[in-house]
Amino acid sequence: MRRPTGRLFATRLWVTGAVAAAVAALLGPLAGLLWAWISPAVTYVIVQGEPLLAEPEGQGPIGVDARFALISLAAGVLCGAAAYLAGGRGNDVALLLGLAAGGCAAAVLAWRTGHMVGLGDFQDAVRHARDGTTVTGVADLRARGVLVFWPVSAVAAYGLLEVAVRRLPPGDRGDAGAGEADEVGGGELDLESAPTGGDVDGREP
């Protein structure tokens with residue numbers, strides 16, 4: 001069987017990276033809904049028609065950011081592990097790029113989706129509230145740096161699995177066939193020519 005040409009191989013890598021990015025990004029809205037559901041309530045005080053945090057350093061705002069960070073870390077690790085298990089030799093770079101891009105998109109989508117849950121009711125309450133009254137807000141990020149947790153944890157999980165598992169163990173001799181470039185070991189270099197009428201992997205079917 002002939003190996004894929006350089007152009008075909010490059011196309012497959014692009015497709016692999018795009019699929020990895022798309023799958024990761026699709027998980028973003030689901031993570032956002034979970035974040036909005038488990039986030040603690042945050043209270044705002046209406047001052048001159050504007051909502052201000054009642055307790056800027058309270059447990060509510062900190063808890064919202066912390067829950068987003070935990071969800072992002074868990075989702076990133078799952079994405080990295082799934083990509084590693086579904087991948088194969090030769091497409092690591094494409095998968096890593098896909099995980100990084102998809103993780104960034106997923107984190108932003110999770111943030112925006114979770115923030116939209118109940119946003120209309122919150123804005124309506126702010127418009128009709130008097131100064132000094134309190135209203136319950138919606139999930140929102142204050143520590144925007146946690147948006148990188150998803151892509152970083154995905155790439156890190158993939159790399160750690162590669163180090164721990166290694167798809168190509170030391171001493172692997174690759175595919176059988178004369179003249180294979182990866183058959184260097186034991187002090188020998190296989191330079192045997194390919195049989196007449198066939199390529200290095202055997203005769204054409």
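This is a predicted model: local features need pLDDT of at least 70, side-chain atom pairs count only at pLDDT 80 or more; totals for chains, interfaces and linings use all residues.

Residues are numbered from 1 along each chain as its sequence is written, and side-chain values use heavy atoms, with hydrogens and water left out.

The protein has five helices and five strands, where helices (H or I, at least four residues) and strands (E, at least two) are DSSP runs numbered from the N terminus. Their order from the N terminus is α-β-β-α-α-α-β-α-β-β. Of the 205 residues, 31% are buried, that is, under 20% relative accessible area with a 1.4 Å probe and protein chains only, with exposed meaning over 50% and partly exposed in between. Among contacts (heavy atoms within 4.5 Å) with a separation of 6 or more, 74% join residues 24 or more positions apart.

| Pair | Axes | Angle |
|---|---|---|
| α2 (residues 59-86) and α5 (residues 149-165) | within 7 Å | roughly 40° |
| α2 and α3 (residues 92-116) | 11 Å apart | about 150° |

Angles under 35 degrees count as roughly parallel, over 145 as roughly antiparallel, 65 to 115 as roughly perpendicular and the rest as oblique; α2 and α5 are therefore oblique to each other, whereas α2 and α3 are roughly antiparallel. The crossing of α2 and α5 is right-handed, meaning that the near helix is turned clockwise from the far one by less than a right angle, and the crossing of α2 and α3 is right-handed too.

In the contact of α2 with α5, the α2 residues include Leu73, Val77 and Tyr84, and those of α5 include Trp150, Tyr158 and Glu162. By class, this contact of α2 with α5 has 15 nonpolar, four polar and one charged residues, with Ala, Val, Leu, Ile, Met, Phe, Trp, Tyr, Cys and Pro counted as nonpolar, Asp, Glu, Lys and Arg as charged, and the others, Gly among them, as polar. Toward α3, Phe68, Cys79, Gly80 and Ala83 of α2 meet Leu95, Leu99, Ala107, Ala110 and Trp111, a contact with eight nonpolar, one polar and no charged residues.

Cys79 is buried, at 10% relative accessible area, whereas Cys104 is partly exposed, at 42%. With a disulfide taken as a pair of cysteine sulfur atoms within 2.5 Å, the count is zero.

Note on methods: Axes are lines fitted to C-alpha atoms, for helices over the stretch in contact, and angles run from 0 to 180 degrees between N-to-C directions.
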